[in-house]
Amino acid sequence: MMRNRAAFLDRDGVIIRDVPDLCDARKVEIFGFSAKGIKMLNKMKMYVIIVTNQPQIAKGFCTEEVVKGINRMIVEELKSQGAVVDAVYYCPHHPEKGFPGEIPKYKIDCNCRKPKIGMLEQAKERFGIDMPASFMIGNTSRDIQTGENAAKKYPGFRSIQVGDPSTEDKRAFQAKPDFVAGNLLEAAEMIKSMKASK
Ligand SMILES: [Zn+2]
């Protein structure tokens, strides 16, 4: 029986090098292992869904179009290496008001900004994803909290911490990952090795 499992991937720090408030396509650096890891997930017939917070849109640092362009570029580059990303969801919002240059329409307490699971829910509806058999892969405690929040609603959903949350306060969120891997490729290998047992 085919199960509609998904790997939800954070973008910055997981697929590309984390550049704070990235608004410049020239600063995009896709990790050498990203295509390989995503290809492995493709082979396991898992949906590969990017879920990324992009609050620099709300902060007025760049437009939604710029972020969409960067996302398209990343997806195309991965595709040219044989790795398929099924969808990209981004949150343009930021809840804290009162900064110069901010864009009021994005300054809301939305349902999509991680650690909320709105973006995961959107993908679930669109692709019919089997959430209890799916994973969140991220480098920050915010991603791991997202995984824990998904697991509260969909028991069985698991998180994998990868890489280094260096640009973020490691204790911003208290959630503990279900697994820890060195990077996205190692996380994909980990999921592959678990397949038989689940
Ligand atoms: Zn949002």
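**View 1. Strand 1, helix 1 and strand 2 form a right-handed β-α-β unit.** Helix 1 covers residues 34-43. Right-handed here means that, with the strands pointing away from the viewer, the path from the first strand over the helix to the second runs clockwise. Helices (H or I, at least four residues) and strands (E, at least two) are DSSP runs, numbered from the N terminus. The model is predicted: local features need pLDDT of at least 70, side-chain atom pairs count only at pLDDT 80 or more, and totals for chains, interfaces and linings use all residues. Residues are numbered from 1 along each chain as its sequence is written.

**View 2. The open sheet has 6 strands in the order 3-2-1-4-5-6, with parallel pairing.** Strand 3 (87-91) and strand 6 (179-180) stand at the edges with a single partner strand each, so one side of each has no neighbour in the sheet. Two strands pair if DSSP finds at least two bridges between them.

**View 3. Strand 1 (residues 6-9) is joined to strand 2 (residues 47-53) by 4 bridges.** In strand 2, V48 is the bridge partner of A7. Strand 1 also pairs with strand 4 (residues 135-138), over 3 parallel bridges; there A7 stands opposite F135. Both faces of strand 1 are covered, with A6 and F8 buried on one side and A7 and L9 on the other (buried: 20 or more other C-beta atoms within 10 Å of the residue's own, C-beta atoms being placed from the backbone).

**View 4. The buried residues of helix 3 are M119, L120, A123 and K124.** Seen down the helix axis, these residues fall within an arc of 140° (taken from the directions from the axis to the C-beta atoms), so they line one face of helix 3. Just after helix 3, G128 takes a positive phi of about 65°.

Definitions and conventions
A residue is buried if 20 or more other C-beta atoms lie within 10 Å of its own, exposed if 12 or fewer, and partly exposed in between; C-beta atoms are placed from the backbone.
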